[in-house]
Amino acid sequence: MSNPTLSEWLKRETRADHRRVDQHPALKPLLKQDLTLPEYATALSALYVPIASLEEVLSIGLIAHGAHYPLTQRAALLRADIDQLGHQVSAPHGVSLPESMASIVGMLYVLEGSRLGGAMIARHVKRVMGNQVPLRFLTTHPLEEAQWADFWRFAEHHCPTATWPAVLAGAQQAFMLFMQELERVEC
């Protein structure tokens, strides 16, 4: 691919990061046919700190950079699901303010991408577990195709080719936050 788009390039450059998160033993059970309630609760609990931390820092970063992006806040939904499952959560932490719009875009890529994955996971969890588990976090704000396209227009507007390494660094920082929390989980 001689002239990839930012979308193509970032997806390729973060493929290993996606795989590490998706295949982590705390999250992998979400797509099992015999998913259990404890596995579901553990997976949601492991997602809380990264989701809440990214939402917090991106809200501040978008304002600080004067950018207008409709950031969807889902941490409260996730916390409500976790509370209903009887689990505890830690306070958000661990993310420094993004230094540039490119870093913000990289972090947004990971956070918004989690909405895409969440919709697929929600369908599976509902099929396997029915209505016995809360699904607010996974179902309330799925990322629609038009919203994903809007994200990429926003990203391309704010991130010329020279800034792509900073976009990648922001995405990797977000993936690292997920991995740090997942590594704390006992599976």
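Trainee: By class, how does the lining of the second largest pocket divide into nonpolar, polar and charged residues?

Mentor: Happy to start there, keeping in mind that this is a predicted model. The lining includes Ala46, Val49 and Val185, along with Thr42, Ser45, Glu181 and Arg184. Sorted by class, the residues come to five nonpolar, five polar and two charged.

Trainee: Which helix supplies the largest share of that lining?

Mentor: Among the lining residues of the second largest pocket are Thr42, Ser45, Ala46, Tyr48 and Val49. The largest share is five residues, and they come from helix 3.

Trainee: Glu181 also lines the second largest pocket. Is Glu181 buried or exposed in helix 8?

Mentor: Good one to pick! Helix 8 covers residues 164-183, and what covers its buried residues includes helix 3 and helix 5. Trp164, Phe178 and Leu182 are among the buried residues of helix 8, and Glu181 too is buried.

Trainee: How far does helix 8 reach from its first C-alpha to its last?

Mentor: Helix 8 has 20 residues, and at 1.5 Å a residue 28 Å is expected. The reach in the model is close to that, at 28 Å.

Technical notes
Residues numbered from 1 in each chain as written. Predicted model: local features only at pLDDT ≥ 70, side-chain atom pairs only at ≥ 80, totals over all residues. Heavy atoms only, no water. Helix = DSSP H or I, 4+ residues; strand = E, 2+ residues; numbered from the N terminus. Expected span 1.5 Å × (residues − 1). Buried < 20%, exposed > 50% of the residue type's maximum accessible area, 1.4 Å probe, protein only. Contact = heavy atoms within 4.5 Å. 1 Å grid on protein atoms, 1.4 Å probe; cavity = no way out; pocket = protein on both sides within 12 Å on 5 of 7 lines; lining within 4 Å. Nonpolar A, V, L, I, M, F, W, Y, C, P; charged D, E, K, R; others polar.
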